[in-house]
Amino acid sequence: MSTSIEAADRTGPSTGEQIAVVVPHVHWDREWYEPFEVMRFHLVRFLDELVDTLEAEPDLPAFLLDGQAVIVEDYLEVRRAQRDRLTALVRAGRLRPGPFYVQPDEFHVSGEGLVRNLLIGCRVSAELGWVMREGYLPDTFGHVHQLPQILRGFGISTFYAMRGFGQDVDETGSQFWWEAPDGSRVLVEWLSESYSNAAVLTGDAAAMRLHHGTLVRYDSLPELLDRLGRRAPTGVLLLLNGGDHLRVQSGVPEMVRSLDKDVPTALRLGGLEEFHELVAERPLPDRVERGEFRHGRRHDVFDGIASTRTPMKGLAERTESLLATQAERLDALATLVDGRSSRDLLHHAWRELVKNYAHDSICGCSVDEVHAEMETRFGKIEQIAATVADDAVERIARAAAPDAPPGEIPVVVVNPSGFARSGPVEVQVVPDLDAPLGTRTFGWTQGDGVDLSRYRLLDPDGRPIPFTVAAGGDVAVVDALDRRKEVRRDAVAFTAEDVPALGRSVYRLVPGEDTPVRSATEPPRESPRRLDNGILAVELAADGTLSVTAADTGYRATGLLELLDDGDRGDEYGFGAVDGDEPISSRTATWRPGTVTGPHEMLGHTRLTVPAGLTQDRTGRTSATEELPVALRVTLLPGEDLVRVALTVDNRARDHRVRLRFPTGLGAGRTVAESAFGVVHRGPVSGDHAGWQEPPSGACAMRRFVATEDGEQGMQILTEGLHEYTCAADGTVDVTALRAVGWLARTDHPARPHKIGPELPTPQAQCPGVHTFRLGLRPYRPSAGPGQLYRAAERFATPLRAVAVQGAVAVQGAARQPRPHTPDVGLAVEPEGVVLSAVKTAEDGDGLVVRVFNSTDEPVTAQLHARFAVGAARRCDLEERDLDDGSAVELERAGTTRIRFPLAAGQIATVRLTDLDEEKGARR
């Protein structure tokens, strides 16, 4: 434990004179009310001027680059000739980038996304010559409960922020400790007078005034210093000379010297590091805060952004899942097979993904052009991740597949999760078994090949299992490096059982007709009204709602998935209620069954008639209406303990909100929701919020799931990109599926009449068109702990992968020959409460890095079971630097390699595994 943390127990008044550190800075939104390239035009001018000013004014010691590094990259990408001048200033400590890559949102990205933001930001800053190790997040819209631990994992012991606090700063002070569930602490500097409190610096203390909306208002420097001084128990004050996109002020050193003579407080120029050093010399506060900061007592937190542009948030979640949970993990395992890694491509993909995680970007509160560019970035990331994942699965499969007799096709199923899984898989098979895959061949034409419906599928124990075949449904161009080949493929689908954790199982397609094969296209038939797999039963009522019954407990919830539509006179920052508006329910609509082809699904569809938009004065909804076509697909697969739902809405209306209602009857208004590296427990909103800048609306943020539970039973609601929910006292959970608005910000917002941003039209924020929302419903027993919630979320979001091993080499240019020694792959994480966050090739290429966290509130012993040789295992921090705090890792080799290490409640741990191929003496 560092000395700064131990100092938390010291009490008493501050010593020494009151001193204020003036920190010149800028807050730079990379994209927001203008798209990126327009903002970069201004960034180039800003940094050109800044470099000139720093060189011309050597007594200006430091300039804070907003706690991020990407803006320097953006600048140098255009102004390459400026690199030497700029990096000289960075190396001298006068320009201070990092530690973040971008100024992030925290509630709408994963914990792993926050780690990568810092990992990339620190690496880029180090390459430039300086890493600012201060936790500066001035404008982020609230803060997750695990942020102190994340910051400490990068050697950062401070936290500076304006938004999110619910305390009375005049009672509690602006400096205190913030503690994560594992006990990690950072020293907080609450920017109670905003991050622009000294934006307009002058040489005259009496004339230095600033009136900036609701953020900060004072008429002289003594007034500001008095206000800050009464709140700072250490007597060290922070004056931030900058703001949104403001050019550097010239003559700042002279102004500070003049002001220092006019006020009793000593004024000094410096950066956050100098401020931190001065604070650390004083007796530190003993007040400790815990939990998330998502309150709007003095500054807005915009809790309505969780439901803005939900289709984009769904795209973000799918993209990160593909990158982090599939491509990166599978590539790390494939490296064990052939020593080849795609980590540079993965680094590039992460870099692009994190750019989309900037707070104005991922929250959806920018102009339409910004979000169109984000979707393009997501598309590029998806291309990289999908190709890397496909390549990795091919390499793993080729090493695992046995030599096959003529006519036989090995099918290898790969599990990207840290626990054994069963589930549906689909594999594409080229029926022409003579196709020269992996061979340089010109002029080849595919033949008809074999009839896979006349084959048998054998499981790893050689037992025949049922499967379906859809012939000729897929055409692909493969063999990019061996003369492309256009191939038709058949889709073979089956259920794989007990695929090992981060491992593979080998199935075989063999000629024969012993097992009947069902065609994937059966004659259409009317949807059933009830499905039952022995674990759950789900019924589709005539009003379009669902009932779910758990066989083991008898728990039954009815009326699930009612759609509620109401008017919205808000903006991208949050919902605005329409006076007198009554929600329109899907239960009053006429529902009709659909036609299904599979035995495990049921369908329904309707048309929901809603007002077309708002009246011209925006005070009510129009009498004109639109019909919203709605389609529901409910799936209950054999052996699964969750009901999968796909809800498709064709949004033809404007200025409205669509919520999904789940009357669970559980929890008495208390919820368990996924946040970064752990769940958060929330209860009903209580207390007096009179005078708050943004009183709590009751809307809460989640990532992939929210649950309500009592002592005996729970109901988990899983989503993809739907991050906003409310919970009533009777356990009814409402999840917002869609919020259609047409403005970036409105000054006539009924809940927030003050100005918060440019009043610009954003027609695409109305989310027109067809959108499909994926959800899951899962009754569970709370006694099993939160680990089960995470495993269910991973099963819901991440499919098993499968590939048919055909041809001379793996498709898409995999290594031509596996290494002579191809170790088995597999990595299981235990116990259930220990959640796998990442498996990746180390940043420096030396071994694999495994990151887990303890999702429970009790200490546990984590265990990693590796089905490959591990020569050494050691704990490291989130930046992948070895820890010197005595963190022990126990390594045991007995058939498989077992790694054990302790985890405190809520603790995140990163372990590096090296010497992974002892028989060959290789270090990777």
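This is a predicted model: local features need pLDDT of at least 70, side-chain atom pairs count only at pLDDT 80 or more; totals for chains, interfaces and linings use all residues.

**Entry 1: the second largest cavity**

I began with the lining of the second largest cavity, where β9 gives the largest share, four residues. I then looked up its lining, which has 15 residues, and the closest to the centre are Glu189, Trp190, Asn197, Leu228 and Leu238. Sorted by class, that lining holds eight nonpolar, five polar and two charged residues.

**Entry 2: the largest cavity**

How many cavities of 30 Å³ or more are there? I got nine. The largest cavity comes out at about 110 Å³. Its lining has 13 residues, and Phe107, Phe141, Arg294, Asp303 and Ala701 sit closest to the centre. I sorted this lining too: nine residues are nonpolar, one is polar and three are charged.

**Entry 3: a five-stranded sheet**

Next I traced an open sheet of five strands, and I wrote the order down as β15-β14-β18-β12-β41, with antiparallel pairing.

A reminder to myself from class: strands of a sheet pair through backbone hydrogen bonds, and the pairing can be parallel or antiparallel.

β14 (residues 455-458) runs antiparallel to β15, and two bridges join them. There, leucine 457 has isoleucine 465 of β15 as its bridge partner.

Then I looked for a helix against this sheet. I found α14 (residues 368-400), which lies across β12 (409-414), β18 (504-511) and β41. The angle between α14 and β41 is about 60 degrees.

**Entry 4: a hairpin**

My last stop was the pair β16 (residues 468-478) and β17 (residues 485-499), which are antiparallel and joined by eight bridges. Which residue of β17 stands opposite aspartate 474? I found arginine 489 there. β16 and β17 make a hairpin, and I noted six residues between the two strands. In the turn I picked out aspartate 479, whose phi is positive, at about 60 degrees.

Key. Residues are numbered from 1 along each chain as its sequence is written. Side-chain values use heavy atoms; hydrogens and water are left out. Two strands pair if DSSP finds at least two bridges between them. Contact means heavy atoms within 4.5 Å. Axes are lines fitted to C-alpha atoms, for helices over the stretch in contact, and angles run from 0 to 180 degrees between N-to-C directions. On a 1 Å grid over the protein atoms alone, a cavity is a set of points where a 1.4 Å probe fits but cannot get out, and a pocket is an open set with protein on both sides within 12 Å along at least five of seven lines; lining residues have an atom within 4 Å of a point. Grid points are joined across faces, edges and corners, and a volume is the space filled by probe spheres set on the points. Ala, Val, Leu, Ile, Met, Phe, Trp, Tyr, Cys and Pro count as nonpolar, Asp, Glu, Lys and Arg as charged, and the others, Gly among them, as polar.
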